[in-house]
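Okay, thanks for coming, everyone.

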Amino acid sequence: MKALVVPQPIANDIMLGQQALLAFPYEPAADVAEFLMVSGDEPLPDEYTLGLALGYQLGVVTINRVTPSTDVPGFFEWEVAPKMLVAPKAMYLEPDTFTPVAETDYTPLEIETIGLFAWLAEPHAAFSPALQAHADALVAIGAQQMPAKYREILAQTGSWQEVDAAWEDAQFEHRNAHMLAHGIPELDFGHQHAELPKLNLKSQHDSE
């Protein structure tokens with residue numbers, strides 16, 4: 001088995017079957033049909049990743065097809081699908097590099113026990129207790145990795161909704177600051193908090 005870094009939130013979305021394509025400026029090696037996916041240490045800029053574990057093993061992913069990108073010259077689109085979840089384990093990898101890993105380097109979670117594929121077949125259903133426990137463990141890791149501002153909000157309120165709202169405010173202020181810096185008038189559309197996805201291998205149980 002080989003491991004590869006995929007940034008958040010893409011890595012999380014792949015494991016939940018919510019994204020099926022990866023774009024890289026290279027093709028996988030001919031002998032790589034699947035890989036151990038490790039979430040990147042740095043999330044994608046301006047993407048909501050609060051509560052998502054960074055730098056952790058998430059699962060094994062199957063590569064079903066690789067084709068040249070029709071949108072970005074020189075890139076390749078990998079069609080992928082989750083094969084299994086693995087127990088959370090911190091792992092540092094160089095990005096864009098397939099790294100060999102031994103079977104003892106990761107711990108597969110039993111498919112029947114964890115219930116990932118049962119949920120993928122009915123994604124509007126509630127997580128099974130085992131899948132929820134796994135999600136909660138990852139969220140606990142991700143929560144500890146959040147910037148101090150958001151950790152403090154979560155500690156004081158116990159509410160992910162408050163964390164989400166604070167992030168939305170910060171994004172709105174950042175966008176306006178960027179516009180003003182480029183001579184574009186500040187916008188005010190009566191800003192309201194957007195409905196953010198609640199299902200990010202993030203606990204479905206809000207403590208409010």
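So, surface first: the chain exposes about 11,300 Å², and carbon and sulfur atoms supply 56% of that. Those areas come from the Shrake-Rupley method with a 1.4 Å probe, and for residues only the protein chains shown count as cover. Keep in mind that this is a predicted model, where local features need pLDDT of at least 70 and side-chain atom pairs count only at pLDDT 80 or more, while totals for chains, interfaces and linings use all residues. Residues are numbered from 1 along each chain as its sequence is written, and side-chain values use heavy atoms, with hydrogens and water left out.

What about the inside? Of the 208 residues in the chain, 42% are buried, meaning under 20% relative accessible area; exposed would be over 50%, and partly exposed is in between, with a 1.4 Å probe and protein chains only.

Now the layout. We've got 6 helices and 6 strands, and from the N terminus on they run β-α-β-β-β-β-β-α-α-α-α-α. Those are DSSP runs numbered from the N terminus: H or I with at least four residues for helices, E with at least two for strands. As for contacts (heavy atoms within 4.5 Å), take those with a separation of 6 or more: 68% of them are between residues 24 or more positions apart.

Let's zoom in on helix 4, residues 129–145. Its 17 residues reach 24 Å from first C-alpha to last, close to the 24 Å expected at 1.5 Å a residue; the expected span is 1.5 Å times one less than the number of residues. Its buried residues include L131, H134, L138 and I141.

Okay, aromatics. How many aromatic pairs does a search of the whole structure find? It finds 8, counting rings of Phe, Tyr and Trp (its six-membered ring) with centres within 6.5 Å; planes under 30 degrees apart are stacked, over 60 edge-to-face, the rest tilted. Y26 and W78 have ring centres 5.9 Å apart and planes at 75°, so that pair is edge-to-face. They sit 52 residues apart, Y26 in the loop between strands 2 and 3 and W78 in strand 5. W78 is buried, at 0% relative accessibility.

Then there's F35 with F98, also edge-to-face, at 6.1 Å centre to centre and 75° between the planes. F35 is in strand 3 and F98 in the loop between strands 5 and 6, 63 residues apart. F35 counts as buried at 0%, and F98 is buried at 19%.
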